[in-house]
Amino acid sequence: MMKMKKIAALLAIAAASGSAFATNGYFSHGFGIKAKSMGGVGIALPQDSLAAASNPAGMAMVGDRLDVGLDLFAPIRTATWTATNGAYNRPLEDSKSGRNLFAVPELGYNKMLGWDMAVGINVYGNGGMNTDYGKVVISGAATNTYSNLEQMFIAPTFAWKINKNHTIGVSLNLVFQNFEARGLESFAVATQSSAPESVTNRGKDYSTGLGLKLGWTGQISPAVTLGATYQPKTSMSRFDKYKGLFAQQGKFDIPETYGLGIAYKANDKLTVAADVVQINYGAVKSIANNGDKFPGVAGTLLGSENGSGFGWGNQTVYKLGMSYQYAPNLLLRAGYNHAKTPLGSTQTFFNILAPATVEDHLTLGATWTLADKSELSLSYMHAFEKKVTGVGTGNGGCVVAFGCGGAVAVSGHPVDLKMHQNALGIAYGMKF
């Protein structure tokens with residue numbers, strides 16, 4: 001009873017602080033400090049009780065344990081105006097987002113029911129986006145440009161070993177997200193939004209949804225394990241306070257994802273693993289709708305069915321990691337993660353709020369096994385700076401969205417975006 005009370009208290013703490021900032025689009029590059037230190041791999045290589053976040057089937061392979069972790073995430077975001085074309089432009093100006101440190105908690109618990117079944121729960125930040133420029137970046141506003149999106153998953157999980165080599169699992173995803181925006185008064189008018197009273201400066205709004213994640217792992221040989229996972233699109237309730245900003249009157253669904261993984265145990269000390277994950281941002285209108293005609297072009301009013309969005313495409317994520325048992329009580333890890341930015345050069349204007357530009361990530365980490373067999377794990381991630389240059393930069397023409405008069409029309413917006421990131425994580429794991 002006392003143990004369950006402690007677990008419930010930890011769940012409450014994690015749920016109360018579910019902020020997250022992410023790096024594969026707006027998704028995290030991995031889930032669990034151990035996985036994060038290996039480029040995010042986890043579909044075929046469960047390492048702790050956060051395994052369900054990557055593949056629910058993995059919970060039947062990690063034993064009875066509790067894991068608690070915290071990732072300190074530091075993204076450096078910059079938006080740069082590079083031309084002077086219209087009322088919404090901040091001419092020739094660099095703007096850096098001021099808030100650069102985010103705490104991302106995680107919690108996993110797993111209990112075996114005999115040798116072949118497991119039940120557990122994961123609490124983790126799925127992803128998010130934040131910009132806090134500390135000044136007016138989009139002209140015509142009365143307040144500083146700010147946006148914040150946070151997503152948290154609470155995932156009760158069941159996993160079953162069908163036989164000694166094959167395992168299946170399912171997680172019920174209870175999804176919570178919140179959003180807030182300020183400094184978008186220029187678009188809170190009838191010519192720009194279908195609901196101008198619900199565009200900006202409305203405080204935090206909340207959205208909930210219910211979804212599933214399915215997974216399989218198979219021990220193909222003593223050295224090779226395969227895995228597969230699928231998560232259908234999760235329908236979320238609307239952000240009513242921002243129904244004039246996001247398409248479909250404030251809908252912001254969680255996109256469909258699926259992936260394949262392989263883990264190869266080269267010898268008693270070295271394991272190499274790789275995942276390929278597909279994130280289908282393109283099926284969520286508020287994320288995918290074209291933003292290069294933003295704002296106010298006929299049929300693209302903010303908040304409408306086909307309202308302008310971030311213009312993100314689908315994203316394929318490649319993850320590679322390795323672990324090496326350096327000493328009986330010390331396991332070393334390293335990894336690499338690559339995913340092409342989901343936004344293009346004609347989509348930079350709306351993405352001032354969400355500059356998801358980074359593509360390449362390098363990760364390192366280690367786990368120390370303590371005297372009582374508990375574990376202390378560390379991870380480090382660096383995402384290299386990536387710049388997306390907005391169409392219209394230095395071309396002498398004007399941008400369609402701002403009105404051209406007699407000038408040459410150029411699709412896009414004269415704003416460049418760039419970002420680099422660092423993250424440092426720590427986790428404690430207890431076996432019982």
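This is a predicted model: local features need pLDDT of at least 70, side-chain atom pairs count only at pLDDT 80 or more; totals for chains, interfaces and linings use all residues.
The largest nonpolar core comprises 49 residues, of which Tyr-26, Leu-245, Trp-312 and Ile-352 touch the most other members. Several strands contribute to this core, with at least two residues supplied by each of β1, β4 (117-132), β5 (146-161), β6 (166-182), β10 (270-279) and β17 (415-431). For Leu-245, when residues up to four places away in sequence are not counted, the residues touched are Phe-179, Ala-181, Leu-184, Ser-198, Val-199, Leu-302, Gly-303, Ser-308 and Phe-350.

The average pLDDT of the protein is 88, and 86% of the residues score at least 70. Residues 393-410 form a stretch over which pLDDT stays under 50, although the model has 35 contacts beyond four places in sequence for this stretch.

The largest pocket holds about 640 Å³ of space. Its lining is made up of 28 residues, and those lying nearest the centre of the pocket are Leu-45, Pro-46, Gln-47, Lys-265 and Thr-271. At least two residues of this lining come from each of the strands β9 (257-265), β11 (315-327), β12 and β13.

Ser-37 is placed in the loop between α2 (33-36) and β1 (65-81), and Ser-37 is classed as buried because its relative accessible area, 0%, falls under the 20% limit. A polar atom of the Ser-37 side chain lies 2.8 Å from the backbone oxygen of Lys-34. With residues up to four places away in sequence not counted, Ser-37 touches Arg-333, Ala-334 and Gly-335, as well as Thr-363, Leu-364, Gly-365, Leu-378 and Ser-379.

Ser-345, by contrast, is situated in the loop between β12 (330-339) and β13 (360-369). Its relative accessible area of 31% lies between the limits of 20% and 50%, so that Ser-345 is described as partly exposed. Once its neighbours within four places in sequence are left aside, Ser-345 is in contact with Val-388, Thr-389, Gly-390 and Val-391. The C-alpha atom of Ser-345 is also separated by 9.5 Å from that of Pro-414, a residue that is 69 residues apart from Ser-345 along the chain.

Key: Residues are numbered from 1 along each chain as its sequence is written. Side-chain values use heavy atoms; hydrogens and water are left out. Helices (H or I, at least four residues) and strands (E, at least two) are DSSP runs, numbered from the N terminus. Buried means under 20% relative accessible area, exposed over 50%, partly exposed in between (1.4 Å probe, protein chains only). A polar contact is a pair of N or O atoms within 3.5 Å; within protein, one must be able to donate a hydrogen and the other to accept it, and residues adjacent in sequence count only if both atoms are side-chain atoms. Contact means heavy atoms within 4.5 Å. pLDDT is the predictor's confidence in each residue, from 0 to 100. A nonpolar core is a set of buried Ala, Val, Leu, Ile, Met, Phe, Trp, Tyr and Cys residues joined through side-chain atoms within 4.5 Å. On a 1 Å grid over the protein atoms alone, a cavity is a set of points where a 1.4 Å probe fits but cannot get out, and a pocket is an open set with protein on both sides within 12 Å along at least five of seven lines; lining residues have an atom within 4 Å of a point. Grid points are joined across faces, edges and corners, and a volume is the space filled by probe spheres set on the points.
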